[in-house]
Amino acid sequence: MTDTSTVHVFASEFTNNVAILNGGAVYQDAISVPYFSSVIFTGNSARSGGAYSVAAGATNCFTFDHITFTNNIANIGGGALFFMEVID
């Protein structure tokens, strides 16, 4: 059994956050199981995943329900979302 971490984010805004590397607003590690509902990501920036980045080796996925991405910027890939590695 793999240990996981769960977070629920409701009716929130992530605005103008900056990361030097990945996930300007949120960086999901390999064991997280996040749930986001009615969340707005605006003006966030990072090297990859301007708003949201998923770590290499992540085997769990996030759940998005009524999410808005606006004007998020990445220098390399994924202005809104970036998956570092996909595991089948």
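Residues are numbered from 1 along each chain as its sequence is written, and side-chain values use heavy atoms, without hydrogens and water. Because the model is predicted, local features need pLDDT of at least 70 and side-chain atom pairs count only at pLDDT 80 or more, while totals for chains, interfaces and linings use all residues.

**Exercise 1. State the strand order of the open sheet and identify its edge strands.**

Step 1. Strands are DSSP runs of E with at least two residues, numbered from the N terminus. Two of them pair if DSSP finds at least two bridges between them.

Step 2. The order is S1-S3-S6, an open sheet of 3 strands with parallel pairing.

Step 3. S1 (5-15) and S6 (63-70) each pair on one side only and are the edge strands.

Step 4. S3 (residues 32-42) runs parallel to S6, with 7 bridges between them. Threonine 42 faces threonine 70 in S6.

**Exercise 2. Decide whether asparagine 44 is buried or exposed.**

Step 1. Asparagine 44 sits in the loop between S3 and strand S4 (45-48).

Step 2. Buried means under 20% relative accessible area, exposed over 50%, and partly exposed in between (1.4 Å probe, protein chains only).

Step 3. The relative accessibility of asparagine 44 is 0%, so asparagine 44 is buried.

Step 4. Beyond neighbours within four places in sequence, its contacts (heavy atoms within 4.5 Å) include Phe14, Gly24, Ala51 and Asn71.

**Exercise 3. Classify the pairs Phe14 with Phe41 and Phe64 with Phe69.**

Step 1. Rings of Phe, Tyr and Trp (its six-membered ring) pair if their centres lie within 6.5 Å; planes under 30 degrees apart are stacked, over 60 edge-to-face, and the rest tilted. The count here is 12 aromatic pairs.

Step 2. Phe14 and Phe41 lie 5.1 Å apart centre to centre with 10° between the planes, a stacked pair. Phe14 is in S1 and Phe41 in S3, 27 residues apart.

Step 3. Phe64 and Phe69 are tilted, at 5.9 Å and 55°. Phe64 is partly exposed at 25%, and Phe69 is partly exposed at 28%.

Key
Helices (H or I, at least four residues) and strands (E, at least two) are DSSP runs, numbered from the N terminus.
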